[in-house]
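Here is a short report for a reader who is new to this structure. It covers strands, sheets and helix packing.

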Amino acid sequence: MIPPHVYLQTGREQGVPAPALDQAFKERSFLQARGTYPVLSLGHLAHETGASYSYLREVVSRTRDPYRSIAIPKPSGGSRAISAPEPIIADVQRWILANPLGNLAGNSASFAYQPGRSIVQCAEQHLGAQWMIKMDLHNFFSTVTESRVYEVFRNLGYRKLVAFELARITTRAEGARHRSWLAARYAIPSYAVDTPGILPQGAPTSGQLANAVAGALDGELQRFSLEEGLTYSRYSDDLVFSCRDTFSRARSVQLIRRISEVIARERFVVHDQKTRIVPPGARKVVLGLLVDETIRLLPEHRRRIEVHLRGCERFGLANHASHRGFDSVFSFVNHLGGWIAFALGVDQVRAITWRRRLHVLLAEEGL
């Protein structure tokens, strides 16, 4: 970032009118004092990211949809809709993630989309729990609308128009049709569209912005948990509450009702079909990990990897992948590699052995 005095001198040398330069300098200094990376206009964002102004203007005015919708199969069946961003908008969003959102602090109860935090660390919060309540936020990303994202950027200190443009660049027009919630306030007719945006699952900025919007929810649930003697964690849309002390199913049901009320007040939605009460003696699973006195891989996770590796070693990669219904060897390798990568954070010794066996198979196939 250009030092303040160099910034002023450069502006003068480039012939920027004194009133405009003075205003830009003051706004830049204000944002820096708040610890926020200065973005003064859409044109400034274009200059910083290398994207063309006309491209960003099309995205903000919703005349260009820079995403491709794809369906990713779920291990449990069905598929998950993903919005894959174009390379240009993905680069812009990565810049926004690293700069405007770079100093955005996360809540201590939240473990997803934050450097240095992991699924294992989240699961560790519930080691030794006797009772557990597991809940899920329904349509977590699509619940976060562009108006809520706008508030995140406003709270960082950006002017209304800049915050609005950043919100448009980090959301996708997929919401219900109604008159734009804010654009009509500005004398920019092209910004007033009838379809507001939501966070697209697949954009680099979506996880951090979803966490920021859910920060108030985390704070409320932390306070609630402290009062009730519970431990609370959230990993994206997965919520877990646990307790080591004597408990009861009746109290669990009562707590679920009160937790649901807090979630509704914070404008999120509980996925009722995924709510679970896990009593003493039952298997405690958090984010696909077995949680009792230690963190362990699920037996079925280990078996799945072993079955795939033995099948490949006996029949070859291509034959096994075809037999298991994969579209290609590459999709199978990505699938198996993902399971092994997940295991590395939990059972490193075993996972390294699995990875070596996979590398031998790949080498034999010349891949």
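## A strand pair and its sheet

Ser-233 stands opposite Val-240 in β7. The model is a predicted one.

Strand β6 (residues 231-235) pairs with β7 in the antiparallel sense, over 5 bridges. Tyr-232 also has a bridge partner in β7, namely Phe-241.

Which strand is joined to β7 by 6 bridges? Strand β3 (residues 131-136) is, and the two run antiparallel. Here Trp-131 stands opposite Cys-243 in β7.

How many of the 6 residues of β7 are buried? The count is 5, so strand β7 (residues 238-243) is mostly covered; buried means under 20% relative accessible area.

These strands belong to an open sheet of 4 strands. The order is β6-β7-β3-β8, and the pairing is antiparallel. The edges are β6 and β8 (276-278), each of which pairs on one side only. On average, neighbouring strands of this sheet are turned by 15 degrees against each other, direction ignored.

Strands of a sheet pair through backbone hydrogen bonds, either parallel or antiparallel.

## Helices on the sheet

Helix α11 (residues 249-265) packs on this sheet. It touches β3, β7 and β8. The direction of α11 makes about 30 degrees with that of β3.

Helix α10 (residues 215-228) lies across β6 and β7. It runs at about 160 degrees to β6.

## A second sheet

Another open sheet has 3 strands, in the order β9-β10-β11. Its pairing is antiparallel. The edge strands are β9 (285-286) and β11 (295-297), and each pairs on one side only. Strand β9 is joined to strand β10 (residues 289-291) by 2 bridges. Within that pair, Val-285 has Leu-290 in β10 as its bridge partner.

| Strand pair | Bridges | Sense |
|---|---|---|
| β3 and β7 | 6 bridges | antiparallel |
| β6 and β7 | 5 bridges | antiparallel |
| β9 and β10 | 2 bridges | antiparallel |

## Two helices side by side

Helix α14 (residues 329-344) and helix α15 (residues 348-364) have axes that come within 8 Å. The axes cross at roughly 155 degrees. Why is α14 called roughly antiparallel to α15? Angles over 145 degrees count as roughly antiparallel, so the crossing angle puts α14 and α15 in that class. The crossing of α14 and α15 is left-handed.

Which residues of α14 and α15 meet? From α14 come Val-333, Leu-336, Gly-337, Ile-340, Ala-343 and Leu-344. They meet Gln-348, Ala-351, Ile-352, Trp-354, Arg-355, Leu-358 and Leu-362 in α15. By class, this contact has 10 nonpolar, 2 polar and 1 charged residues.

Notes. Residues numbered from 1 in each chain as written. Predicted model: local features only at pLDDT ≥ 70, side-chain atom pairs only at ≥ 80, totals over all residues. Heavy atoms only, no water. Axes fitted to C-alpha atoms, helices over the stretch in contact; angles between N-to-C directions. Parallel < 35°, antiparallel > 145°, perpendicular 65-115°, else oblique. Left-handed = near helix turned anticlockwise from the far one by under 90°. Contact = heavy atoms within 4.5 Å. Nonpolar A, V, L, I, M, F, W, Y, C, P; charged D, E, K, R; others polar. Buried < 20%, exposed > 50% of the residue type's maximum accessible area, 1.4 Å probe, protein only. Pairing = 2+ DSSP bridges.
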